[in-house]
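Here is a short briefing on how the inside of this protein is packed. Keep the model open as you read.

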Amino acid sequence: LQISEPNEFDIMLVIPVARLQLDECDDTGAYYYLKFKRNPKEKSLLNFLDEDGKLSAFKMLQALRHIIKQEVKNIKNVEVTVKRRKAGSPAITLQIKNPPAEISVDIILTLKADQSWPPSTQDGLKIEQWLGRKVRGEFRYTPLYLVAKQNKKEEVQRGNTWRLSFSHVEKAMLNNHGQSKKCCESDGPKCCRKGCLKLLKYLLEQLKIKHKKQLEKFCSYHVKTAFFHSCVMWPRDTDWHWGDLDHCFQKYLGYFLDCLQKSQLPHFFIPRYNLLSLEDKASSDFLSRQINNQLNNRFPIFQE
């Protein structure tokens with residue numbers, strides 16, 4: 001779904017772990033403290049426990065950063081640097097300088113546990129009408145992924161929180177997005193779902209370049225979440241006919257604007273987790289005005 005230059009890449013560095021005990025650390029249902037239910041086979045993982053026996057994301061990220069910095073020194077034919085740590089970020093970013101373009105690669109520390117998803121996800125992933133009950137069941141049987149993400153709401157930031165990640169399921173839904181199995185296959189009917197998502201992603205990207213400070217709270221994940229909700233609201237492939245791209249885009253955009261106005265965008269997998277908090281209402285209103293301005297003037301930003 002990269003729109004402009006293909007110069008940013010995400011790589012999940014997945015570490016399989018033994019069964020974990022998940023303790024919610026706030027009311028979102030997305031952030032957890034982790035403990036091992038029994039001693040892991042990989043005894044070295046015990047080095048990353050804090051004094052309360054919780055698995056420390058900060059300690060693991062620190063160790064990974066050290067390993068990556070050492071490895072980067074061995075790369076001879078390309079200039080690779082490790083960017084400075086961004087507070088609270090789950091990623092270690094590599095900057096690769098090489099003609100014709102500079103590339104940045106985010107390496108995201110991820111734990112993978114073969115166990116059921118936590119209760120906060122029970123009422124999420126409402127794709128029965130869109131992709132079917134069977135597909136939903138298959139998705140919910142996939143492993144549990146957690147990324148080393150600092151919970152900013154914690155009063156004392158100790159770096160031992162982890163956030164649920166569903167990027168593997170999101171990718172699968174984007175790749176097989178049709179109600180009919182043939183949607184967008186070479187011999188099947190073409191829909192405009194991905195086209196709509198790319199347009200709104202691009203619109204947000206360009207607005208963020210122009211209004212960096214006012215829109216720093218927003219990221220492409222907001223757009224992607226609104227997209228999945230739209231796919232559920234309009235589940236049929238005929239709702240996204242390729243020839244109706246402009247009409248479908250306006251419908252999807254209308255839903256996104258509605259979310260901004262209400263400051264309410266539920267996480268697709270964790271319904272009680274609102275991605276647009278009321279304390280960011282000023283940012284939501286600002287983005288809403290910018291989008292409406294584009295809409296009323298026939299999107300000059302797409303012509304630039």
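Rings of Phe, Tyr and Trp (its six-membered ring) count as a pair if their centres lie within 6.5 Å. By that rule, ring pairs link W117, F166, F227, F228, W234, W240, Y252, F268 and F269 into a cluster. The model is predicted.

**Nonpolar core**
- The largest nonpolar core holds 81 residues. W162, M173 and Y252 have the most contacts inside this core.
- Helix 6 (residues 245-262) gives the most to this core, with nine residues.
- Domain 1 (1-167) and domain 2 (177-303) each supply at least three residues to this core.
- Leaving aside residues up to four places away in sequence, M173 touches L125, I127, W130, L131, F139, F228, F268 and F269.
- As background, nonpolar side chains tend to be buried together in soluble globular proteins.

**Aromatic pairs**
- The whole structure contains 13 aromatic pairs.
- W117 and F166 form an edge-to-face pair, because their ring centres are 5.1 Å apart and their planes stand at 65 degrees. Planes over 60 degrees apart count as edge-to-face.
- W117 lies in the loop between strand 6 (101-113) and helix 2 (133-140). F166 lies in the loop between strand 8 (162-165) and helix 3 (167-175). The pair therefore ties together parts that are 49 residues apart in sequence.
- W117 is buried, with a relative accessible area of 6%. F166 is buried too, at 3%.
- F228 and F268 make a tilted pair, with 5.5 Å centre to centre and 35 degrees between the planes.
- F228 sits in helix 5 (residues 220-233), and F268 sits in the loop between helix 6 and helix 7 (281-296), so this pair ties together parts that are 40 residues apart in sequence.
- Both F228 and F268 are buried.

**Charges over rings**
- K54 places its charged end over the ring of Y33, 4.6 Å from the ring centre.
- K190 has its charged end over the ring of W242, 4.7 Å from the ring centre.

**Strand pairing around strand 8**
- Strand 3 (residues 31-36) runs antiparallel to strand 8, and two bridges join them. Y31 has R163 as its bridge partner in strand 8.
- Strand 7 (residues 144-147) also pairs with strand 8 in the antiparallel sense, over three bridges. Here V147 stands opposite R163.

Notes. Residues numbered from 1 in each chain as written. Predicted model: local features only at pLDDT ≥ 70, side-chain atom pairs only at ≥ 80, totals over all residues. Heavy atoms only, no water. Core = buried A, V, L, I, M, F, W, Y, C linked by side-chain atoms within 4.5 Å. Buried < 20%, exposed > 50% of the residue type's maximum accessible area, 1.4 Å probe, protein only. Helix = DSSP H or I, 4+ residues; strand = E, 2+ residues; numbered from the N terminus. Domains from an automatic or database assignment. Contact = heavy atoms within 4.5 Å. Phe/Tyr/Trp six-rings, centres within 6.5 Å; stacked < 30°, edge-to-face > 60°. Lys NZ or Arg CZ within 6 Å of the ring centre and 35° of its normal. Pairing = 2+ DSSP bridges.
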